[in-house]
Amino acid sequence: MIAIFVLFFILLWCVSEGYGSTFLVLSLYTLAFLLLMVITSYKRSKELSLISHTINLIWNDKISKEEDIILPETLHFLESEIRRMYGRMKHDIEYLRKLERVRTEFLGNVSHELKTPIFAIQGFLETLLDGAMDDKKVNRLFLEKAGRHAGNLNNLVSDLIDISLIEAGEMRLSFRYFSLSNFTNEIIDEQAPFAAQKGLHLLFTPMVKDVDVYGDKAKLKQVMNNLIQNAIKYTEEGSITVSAAVHGKQVRVVVKDTGPGIAAEHLPRIFERFYRVDRARSRAAGGTGLGLAIAKHILEAHESKIEVMSTVGVGSEFSFCLKR
Ligand SMILES: Nc1ncnc2c1ncn2[C@@H]1O[C@H](COP(=O)(O)OP(=O)(O)O)[C@@H](O)[C@H]1O
Ligand SMILES: [Mg+2]
């Protein structure tokens, strides 16, 4: 094509040099220009239809990977831009699908968890109404059981409110410095009766020197309560020890128990919402399966991370760091 043009222009040049009138030369130049325009626009429209075809393929899900998007050499820049856009779009769609799956799964879990105490309460009340109310041997027991399930329901709803506030990004934190020793002693005093009920020792290894830590005291109390309550719930004998140690600008708080421990395959999952190693046991102990998920979120908001080490048959150790 280029060769034809070169020949054509040489011819034009000859005509202009030799015999042609100015008019003839001008007409030939115009003709050449028009021809050039026609060829260029033909090429452009071919390229445009290729782009439109590619977009149609993407639109109709006929492309599965970025490398399937191929445009001619002249459109190399556009090809890499379309590939980049496709990659981003694919990633966003996959992310949205995953969110949708997680949401559906969460809703399924919530309904299931709500049903359990509601059915139990309903069952006890119906049995009482059907005559057990007048049976002095069981009436009090059934009411106590119904009351315990109502308590579980209350725990679940409170945890659900917490988790939805956290996940909607509406958890308000109020950071300040407070004494770690006072804070821990207060919690230990509150939890001691529950440990004593199970014959467990709940100890706070005193710090050599008290330190002030920086954080939201109420939210950190929620974390500590969950860790200590878990330790009490799952430990059958022995002790629960709370300790703290300074590491540079940080203080590591540790809650250690002599409970059953958690097998390695469960460890990475216990911070997921509703994940429990032993579902029945957790429920019977009033657990919601949300405590560690909430603790994880609260600590992340403190730019910290909850960590766990555990050996089956020996015990578990949960820890996190706070700024001082
Ligand atoms: N100290 C512990 N010892 C043994 N297992 C534990 C301990 N802490 C947590 N777990 C396991 O992790 C699961 C999740 O804990 P959590 O989110 O607090 O829910 P739950 O309401 O069931 O206590 C528990 O169901 C239990 O299986
Ligand atoms: Mg818990």
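Visitor: Which residues does Ala 295 touch, not counting residues up to four places away in sequence?
Guide: Ala 295 touches Val 223, Asn 226, Leu 227 and Ile 306. These count as contacts because the C-beta atoms of two residues in contact, placed from the backbone, lie within 7 Å. This is a predicted model, where local features need pLDDT of at least 70, side-chain atom pairs count only at pLDDT 80 or more, and totals for chains, interfaces and linings use all residues. Residues are numbered from 1 along each chain as its sequence is written, while chains are lettered from A and ligands numbered from 1 in the order in which they are written.

Visitor: What makes the crossing of H4 and H8 left-handed?
Guide: Helix H4 (residues 139-167) and H8 pack at an angle of about 35 degrees, with their axes 10 Å apart. Axes are lines fitted to C-alpha atoms, for helices over the stretch in contact, and angles run from 0 to 180 degrees between N-to-C directions. A crossing is left-handed if the near helix is turned anticlockwise from the far one by less than a right angle, and right-handed if clockwise. H4 passes H8 in the left-handed way.

Visitor: Which residues meet there, H4 with H8?
Guide: Asp 159, Asp 162, Ile 163 and Ile 166 in H4 meet Ala 293, Ile 294 and His 297 in H8.

Visitor: Which helix gives the most to the shell around ligand 1?
Guide: H6, with four residues. A shell residue has its C-beta atom, placed from the backbone, within 6 Å of the molecule. Of the 21 residues around ligand 1, Arg 276, Val 277, Ser 282, Gly 287 and Gly 291 come nearest.

Terms used:
Helices (H or I, at least four residues) and strands (E, at least two) are DSSP runs, numbered from the N terminus.
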